[in-house]
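This report describes a single protein chain. The sequence and coordinates come first, followed by notes on selected features.

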Amino acid sequence: MFALNLINEASLEAGGPDNVACTVEKPTLESSNIMMKHKDIPLIAATGGPGVVTAVLSSGKRGIGAGAGNPPAVVDETADVRKAARDIVNGCTFDNNLPCIAEKEIVAVDSIADELMNYMITEQNCYLISKEEQERLVATVLTPKGLNRKCVGRSAKVLLGMIGVNVPDNIRCIVFEGEKEHPLIAEELMMPILGMVRAKDIDDAIEKAVWLEHGNRHSAHIHSKNIDNITKYAREIDTAILVKNAPSYAALGFGGEGYCTFTIASRTGEGLTSAKSFTKSRRCVMSDSLCIR
């Protein structure tokens, strides 16, 4: 509501209309359904789980649907490991990991994995959780119905407090090492929890990263100075967004190329949306009359 008011104020200051952006005070599935089916609504953009995206794409209207993602960050032996640690943690913790492009897990080549973890803990204010704390965290953030909504977008300090662990205010991210099947690694969490999977070499890292991305073709990241490794990864992961040697938000135009948008419609082919995505191209053709050939 606060953001919408800022947008409308900016519109008025620039000589535009009032209420250029609006919302309902208490959104429900019913109110969304009414809006999606209204005759005056030509285009629907939605982000969220598969249910809402499927509803949009089957609404009979033009739809832009941003689906799930579980972006892996690969780090190979040629990377600037200290910078990779800083970039990954900065990207993962931006808005407490709510953006779907954000780093959700790390796949690190064995030869640099320990160094990477050390930098994240000692220089980037990450908290390494024990096996027992991992189990408590799994039970807290995951439910039989999916993510615990009370945990989504919460800070590392708040999440740790939920499992009885008190940490200083400067703790930014929760880190640990595990197998790729670990529920806190394989699931898209939207919380500053960053599991690291160890790989034998770049080929093993790419194979694990592709598995973790789950075929969403959404976003992925790599830290490497080897162009061949980057190219191989890009071809195998085949995502709408691939960030190289930067935090994930570089893809949103912050420190890199791209548009300042949080609607990444990989499921319907747009990739990063821009103002052009929300316009309709028309071609009006007439033969015979008005033809001066």
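## Basis

The model is predicted: local features need pLDDT of at least 70, side-chain atom pairs count only at pLDDT 80 or more, and totals for chains, interfaces and linings use all residues. Residues are numbered from 1 along each chain as its sequence is written, and side-chain values use heavy atoms, with hydrogens and water left out.

## Overall build

The chain has ten helices and 13 strands; these are DSSP runs numbered from the N terminus, with helices (H or I) of at least four residues and strands (E) of at least two. Along the principal axes, the C-alpha atoms fill a box of roughly 75 × 50 × 40 Å. Of contacts (heavy atoms within 4.5 Å) between residues at least 6 apart in sequence, 61% join residues at least 24 apart.

Of the 293 residues, 45% are buried. Buried means under 20% relative accessible area, exposed means over 50%, and partly exposed is in between, with a 1.4 Å probe and protein chains only.

The chain carries 32 positive and 37 negative charges, and their mean positions are 7 Å apart. Lys and Arg count as positive and Asp and Glu as negative, while His and the chain ends are not counted. Each charge is placed at NZ of Lys, CZ of Arg, CG of Asp or CD of Glu.

## Aromatic residues

The structure holds two aromatic pairs. Rings of Phe, Tyr and Trp (its six-membered ring) pair if their centres lie within 6.5 Å; planes under 30 degrees apart count as stacked, over 60 as edge-to-face and the rest as tilted. Phenylalanine 94 and tyrosine 249 form a tilted pair, 5.5 Å centre to centre with 55° between the planes. This pair links distant parts of the chain, 155 residues apart: phenylalanine 94 is in the loop between helix H4 (81–93) and strand E4 (105–109), and tyrosine 249 is in the loop between strand E11 (241–244) and strand E12 (264–265). The rings of tyrosine 249 and phenylalanine 254 are also tilted, with centres 5.1 Å apart and planes at 40°.

Phe94, Tyr249 and Phe254 form one aromatic cluster.

## Histidine 223 and alanine 79

Histidine 223 lies in strand E10 (residues 219–223) and is buried, at 2% relative accessibility. Leaving aside residues up to four places away in sequence, histidine 223 touches Val74, Val75, Asp76, Ala79, Ala84, Asp87, Ile88, Asn245 and Ala246.

Alanine 79 is in the loop between strand E3 (72–75) and H4, buried at 11% relative accessibility. With the same exclusion of residues up to four places away in sequence, alanine 79 touches His223, Ser224 and Lys225.

## Asparagines with positive phi

Most residues other than glycine have a negative phi. Asparagine 97 has a positive phi of about 75°; this residue is in the loop between H4 and E4 and is buried, at 1% relative accessible area. Asparagine 125 has a positive phi of about 55°. The place of asparagine 125 is the loop between helix H5 (110–122) and strand E5 (126–128), and its relative accessibility of 29% counts as partly exposed.
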